[in-house]
Amino acid sequence: MFRNLILLIAIAAAVWLISRMIKNKALQSSSKPVQKNEIKNIVQCHVCKVFIPEDKSVKQDQYSFCSHEHLQQWQEEQ
Ligand SMILES: [Zn+2]
């Protein structure tokens, strides 16, 4: 009887550990591609040199800008 109880606790602990490992793996695999993309798509504003995600930047020719104001500023300087 006592042995069965220990066995039951051991199984419960093993199941809890495995489910925690699966959760951690799921979190890692879902957060890693996002980080990779962020690093891949960082661009620098041609005017103020600030680093911004590419999807939030304003593109003109081969240059990137943090805002439309800086794009205009750069165009006026040309
Ligand atoms: Zn800027």
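1. K49 is exposed, having 8 other C-beta atoms within 10 Å (exposed: 12 or fewer other C-beta atoms within 10 Å of the residue's own; buried: 20 or more; partly exposed: in between; C-beta atoms are placed from the backbone). K49 sits in the loop between β1 (42–44) and β2 (51–53), and its phi is near 65 degrees, a positive value in a residue other than glycine.

2. The model is predicted; local features need pLDDT of at least 70, side-chain atom pairs count only at pLDDT 80 or more, and totals for chains, interfaces and linings use all residues. Residues are numbered from 1 along each chain as its sequence is written.

3. D61 also has a positive phi, near 55 degrees, and is a residue other than glycine. Most residues other than glycine have a negative phi. D61 belongs to the loop between β3 (58–60) and β4 (63–65), and counts as exposed, with 6 C-beta neighbours inside 10 Å.

4. The chain contains 2 helices and 4 strands, in the order α-β-β-β-β-α from the N terminus (helices are DSSP runs of H or I of at least four residues, strands runs of E of at least two, numbered from the N terminus).

5. Of the chain's 78 residues, 8% count as buried. Among contacts between residues at least 6 apart in sequence, 10% join residues at least 24 apart (contact: C-beta atoms, placed from the backbone, within 7 Å).

6. Mean pLDDT, the predictor's confidence in each residue from 0 to 100, is 87 for the chain, and 87% of the residues reach 70 or more. Confidence is lowest in helix α1 (residues 2–40), with a mean of 78, and highest in β4, at 97.

Terms used: Two residues are in contact if their C-beta atoms, placed from the backbone, lie within 7 Å.
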